[in-house]
Amino acid sequence: MRIPKLLQAVLVLVFVYYGFIVVFDYILGAVIPRSLLTMYMFFATAGVFMVFTFDEQGAHELVAPIKAMVEQPRFRFIRNLVFLIIPIAVGYNVYGRTLPSFEAPVELRTIHPAPPSTAKIYGNRVNLLTLENPFRHTQTDDPELFAEYVAEGAEVYIMNCQYCHGDKLDGKGPFAEGLNPTPLNFQDIGTIAQLQESYLFWRITTGGPGLPQEAAPWISSMPVWQDFLSVDEVWKVILFLYDYTGHEPRSWGEADAGH
Amino acid sequence: MNTNKKLLSYGILATLVVGLLAAFGGTDLSAAFAAGEEVAATTGGYGPAPVTTAADYPSVAGANGRLVVWIVAQLHLWFAAFVLAVPIFVFIIEVIGMRTRDKRYDDMAYEFIKVSITAYSLTAILGGLLLFALILFYPHLFGYLSTIFSDSMFYYALLFFAESAVLYLYYYGWHWLQGGVRKWIHLTLGLLLNAVGTGLMLLANSWLTFMMSPAGVDAAGVFSGDSWAAIHNFLWNPINIHRFVANIAYGGSIVGAYAAFKFLTAGTDREKAHYDWMGYNANFIAICALLPLPFAGYYLAAEIYAYSQQMGITLMGGIFAWLFIIQAVLIGALFLSANYYLWCGMGRSDGAKRYHKYIKYIAIVLIGAFLVWFTPHTLVLTNSELKALGGPHHSILGPLGIMPAKNTAVNTMIIFTFLSFLFYRRSNKVAVVRWERAGNIAQVALFAAGIANILFLGIYHGYFTNTVYKVAASIPQVMTTFVVIVTSLVLDSFIYRGAKDVGPLHWGRIPDRAQYALFLLAVAFTWLMGLMGYIRSGIRQHWHVVDIMRDNSADAFTPTLGYAANVVSIAAIIFLTMVIFVFWIAQVSSTKTLPSGYWKE
């Protein structure tokens, strides 16, 4: 028996919806955020509508049962039922959404705030647009010295940073569970791999209190490391972060045309 | 520039200012200019950028200066984009008409330019309003910019006269300059019109890109006197390229909406057929320009990043990141509506059924790529989701939030949109060459190899190499897309050489809902341009001219995303209302009423 088009469309959407939940929440073990799932489903619905209506026959078959239900007297009972169920379902949904809950409201926090062009670090005004790691050149000029710097950076990291950011730099240190937001995972391709070293220098030295206005609310627990570490220690720890994770700091290679 | 010209340009500005002073008595603007002239006199021509206080931003009639400038500039830009784009493809269509000697093309080109004439005067009016608004609300900024760009502003005014003159000759001389040498003269006018229009855009672009990436001035903003250095600033060409391509796509979408409007209101089948054909061509133009547009945008964003990490992060990782998600959704909507229009258009041919079975697969890939395209890097998570994930980073979705995934997705969307177009082209043809099957296998292999290469570049270079390669990998991805499209077109032209038509194309046999796809295209473009324009301007944050001249007005703060989206949406509604007026007035001009008994017999 051929399944009617309207039912086909509904089944496809139900399959897609639960497909996302099963794959993400159960098979991959990483829940799909409901806000994103809503967006996904909106466009999946648009896609299904497009495929089912691009030709006249398809569009007719899709709409025919709805049209029949609305127009034909013999479907009066079903029509009344549908006209009752839809407003109730919508009302229930609205009720569910507006019902007060004990959950804290969702925050859209800028985790990745833009750096200022200059910042006051170690008592000097530093131009973050041109700032470079003074030890980076040793990576090519003197690899042995570079390895030494990285080892020194590792020591600084283990003594100061791993409690939160983890000994594997994956953001899962012993204290991480107690923090919200959780410390950054440097292994993630979306964190230090996307940034220039000057950005890390700014974030490490000025910490949570040095976050710009756009990063409000300032709920970062990152300490102001310029109060505890020397300039060289910070640069060396940055060398270590990139070396250990295998990421390269953001650069423009030979095409660097920044001012 | 010689002193006389400079004096003349100052004279024009001064006249405007004096006029405005007379109109809005009580606003002391003369001081701003007098101060500028005083500094200029003491520093051998050019002074540093003005340092303003909140008191230097006049309050006029209780209006919010930023809001007025924002909305007027946006309206001006929408109309300008439209009127600059239309002559480009009108010229091309006219050439096609001349080469094929098919009068339908000539008539369509004329109808397009007719629509843009009213829009042209609205562009000029809004440009004048913008100038007034800038002088009134931001006198020091305008004074400073006009000192640096006095040359180009003067030439801009002259070019505007040239644009008007050529446009009127081109439009009103259309039926006069027909056939033989006269047609050539008309085409030359069309070319000239485009050259002047593009020149105008390039000059205006230099002023706004100077505000983002100033050049030709020192750290205090003192102008070196080198006008070309100020014009040819770091972001000038990236904006030029992006705007040029985007204008064509936008112009195509607006005339597409015009054709859809006329199709839906058409009274006869003949009219329907005509406007269906027109809509198809307009959509074709819009898609042709839409396909390279993501690359032009990517180039611009990469250059912004290269110019300043701060601006780059503000743009895509910081406060404006969520507007980029809206942008991604709108761009996806553009691709979906363009594809849907093509699929619906296959109904014009009796031979299209053969390709219907493939449409759902194209849709699956398009939607899949689209979902990747708009997946944000920073997710909106509830507390329970945060707990379940162990932090704000999502191990599966997080990597989809960065550029390599986006580039892979958009290249895939472009290739599959092209595939829709290929099926559309084939729908009314039957190949007669003996090697048709082998040719089709080659086409499949070409597409498969292209997609595999795009995926490999995106995944390997995007996630397993450093940023230099990550950014660089986008170029071979684009090249792959380009090679697939060009090779496939060439191959298809050989496969379908001497092909038989299934039957005549039934222009006008297209559902009304396809016309709404054309409307959606125009609306999405409009909204998109407004939002992206705001971001481009907004990344300057509290600077009039980045790092040179600070905005010290009460409105120097970056507004919330909701407020910005509302302003852009209201401006878009005003613009679309004005566009409907333009469509209507174009229709009125060809309507004749013959009242009985009114005139003497």
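A salt bridge is a side-chain nitrogen of Lys or Arg within 4 Å of a carboxyl oxygen of Asp or Glu. Side chains of opposite charge can pair when their charged atoms come close. In chain A, Glu152(A) and Lys236(A) form such a salt bridge, with their closest N and O atoms 2.6 Å apart. Glu152(A) sits in helix H6 (residues 143-160) of chain A and Lys236(A) in helix H9 (residues 231-245) of chain A, so the pair ties together parts that are 84 residues apart in sequence. Helices here are DSSP runs (H or I, at least four residues), and strands are runs of E (at least two), numbered from the N terminus.

The model is predicted: local features need pLDDT of at least 70, side-chain atom pairs count only at pLDDT 80 or more, and totals for chains, interfaces and linings use all residues. Residues are numbered from 1 along each chain as its sequence is written, chains are lettered from A and ligands numbered from 1 in the order in which they are written, and side-chain values use heavy atoms, with hydrogens and water left out.

Back to the pair. Glu152(A) is partly exposed, at 33% relative accessible area. Lys236(A) counts as buried, because its relative accessibility is 12%. Buried means under 20% relative accessible area, exposed means over 50%, and partly exposed lies in between (1.4 Å probe, protein chains only).

A second salt bridge in chain A joins Arg34(A) to Asp25(A), with the closest N and O atoms 3.3 Å apart. Arg34(A) is partly exposed at 36% relative accessible area. Asp25(A) is buried at 18%. Over all chains, the structure holds 13 salt bridges.

Chain B has a charged pair of its own. Glu94(B) and Lys183(B) meet through their side chains in a salt bridge (2.8 Å, N to O). Glu94(B) lies in helix H3 (residues 65-100) of chain B and Lys183(B) in helix H7 (residues 180-212) of chain B, so this pair ties together parts that are 89 residues apart in sequence. Glu94(B) and Lys183(B) are both buried. Asp106(B) belongs here too: salt bridges that share partners join Glu94(B), Asp106(B) and Lys183(B) into one network.

Now turn to where the chains meet. Chain A and chain B bury about 5400 Å² between them, with 68% of it on carbon and sulfur atoms. Buried area is the accessible area (1.4 Å probe) that two parts lose on being put together, summed over both. Phe43(A), Met50(A) and Phe54(A) supply 14% of the area that chain A buries against chain B, more than any other three residues. The contact (heavy atoms within 4.5 Å) takes 61 residues from chain A and 64 residues from chain B.

Charge pairing across this interface comes to 1 salt bridge. Arg513(B) forms a salt bridge with Glu56(A), with the closest N and O atoms 3.5 Å apart. On the side of chain A that touches chain B, the elements that give two or more residues are H1, helix H2 (34-53), helix H3 (56-71) and helix H8 (197-206) of chain A. H2(A) gives the most to that side, with 12 residues.

Helix H1 (residues 5-28) of chain A also holds Val10(A). Val10(A) counts as partly exposed, at 43% relative accessibility.

Asp276(B) lies in helix H10 (residues 269-290) of chain B. Asp276(B) is buried, with a relative accessible area of 0%. Leaving aside neighbours within four places in sequence, Asp276(B) is in contact with residues including Arg348(B), Trp507(B), Arg509(B) and Gln515(B). Ala301(B) has its place in helix H11 (residues 293-307) of chain B. Ala301(B) also counts as buried, at 14% relative accessibility. Outside four places in sequence, Ala301(B) is in contact with Leu315(B) and Met316(B). Ala301(B) and Ile239(B) are 62 residues apart in sequence and 9.7 Å apart in space, C-alpha to C-alpha.
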